[in-house]
Amino acid sequence: MTQQIKDTLIYENQEFYLDVELIEGYFLEFPEKRTEFEISCSALWKGYIAQFEVKNDELCINKLEWLTDIDFNMKSLREEIFPENKFEWYSGLIRIDDFRGEFGDEPKDGIFEYLEILNGNFKQKRIFNYSELQEFKKAQYEYFLISEEIEQVYDFWRRNNENGIVKKDFVNKIILKNIMEYTREVYV
């Protein structure tokens with residue numbers, strides 16, 4: 001599998017590579033906004049590179065550049081797709097620590113840093129040691145299961161599970177394992 005070119009985020013004048021694609025959820029909700037070019041690159045399956053910045057307590061999209069040809073020429077589409085610059089659509093936790101590795105690792109000796117964003121507004125930076133992170137995830141999961149957000153996740157799995165093979169218990173295990181990515185609203 002080819003390593004993907006990652007989006008970046010600037011926070012307190014430091015640039016971080018992101019392990020998640022913050023804009024992908026937006027494009028799933030608004031597919032008409034996604035620009036399609038006829039070129040593809042194995043290192044850039046999503047077709048674009050984004051740069052975000054937390055500035056004046058807002059999550060802003062500094063750059064959104066789309067791959068246009070095999071020579072890796074890019075076209076800026078930020079102004080066209082996100083003219084306001086603030087990414088109001090996004091809510092969730094963005095991990096920025098150096099312990100995550102290539103696959104979002106959680107080493108027991110790690111210190112884990114997340115930025116909490118709600119509707120494009122920076123709420124706070126959260127810092128956890130390993131055991132604090134596990135406690136936070138468990139509590140967040142319990143609240144998530146009784147939130148309105150859970151129905152969106154279940155609906156997604158229902159739509160993509162025509163034969164009924166995947167059961168709710170299995171989906172809940174996936175949610176627990178990935179609660180930090182599923183979280184749009186922090187309850188804890």
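This is a predicted model: local features need pLDDT of at least 70, side-chain atom pairs count only at pLDDT 80 or more; totals for chains, interfaces and linings use all residues.
**Glutamate 24**
- With a relative accessibility of 14%, glutamate 24 counts as buried, because the cut-off for that label is under 20%.
- The side chain of glutamate 24 makes a polar contact of 3.2 Å with the side chain of arginine 34.
- Leaving aside residues up to four places away in sequence, glutamate 24 touches Arg34, Trp45, Lys46 and Tyr48.

**Aromatic rings**
- The count of aromatic pairs comes to 18, and in one of them the rings of tyrosine 26 and tryptophan 89 have centres 5.9 Å apart and planes at 85 degrees, so this pair is edge-to-face.
- Because tyrosine 26 lies in helix α1 and tryptophan 89 in the loop between α2 (78-81) and β6 (92-95), the pair ties together parts that are 63 residues apart in sequence.
- Tyrosine 26 and tryptophan 89 are both buried, and the charged end of arginine 184 sits over the ring of tryptophan 89, 4.3 Å from its centre.
- Ring pairs also link a cluster whose members include Tyr26, Tyr48, Phe52, Trp66, Phe87 and Trp89.

**Nonpolar cores**
- The largest nonpolar core has 27 residues, and among those that touch the most other members are Leu9, Phe52, Leu59 and Phe87.
- At least two residues of this core come from each of β1 (8-11), α1 (24-29), β3 (48-55), β4 (58-67) and β7 (111-118).
- A second, separate core of 18 residues includes Leu93, Phe144, Val153 and Ile179.

How values were computed. Residues are numbered from 1 along each chain as its sequence is written. Side-chain values use heavy atoms; hydrogens and water are left out. A nonpolar core is a set of buried Ala, Val, Leu, Ile, Met, Phe, Trp, Tyr and Cys residues joined through side-chain atoms within 4.5 Å. Buried means under 20% relative accessible area, exposed over 50%, partly exposed in between (1.4 Å probe, protein chains only). Helices (H or I, at least four residues) and strands (E, at least two) are DSSP runs, numbered from the N terminus. A polar contact is a pair of N or O atoms within 3.5 Å; within protein, one must be able to donate a hydrogen and the other to accept it, and residues adjacent in sequence count only if both atoms are side-chain atoms. Contact means heavy atoms within 4.5 Å. Rings of Phe, Tyr and Trp (its six-membered ring) pair if their centres lie within 6.5 Å; planes under 30 degrees apart count as stacked, over 60 as edge-to-face and the rest as tilted. A charge sits over a ring if NZ of Lys or CZ of Arg is within 6 Å of the ring centre and within 35 degrees of the ring normal.
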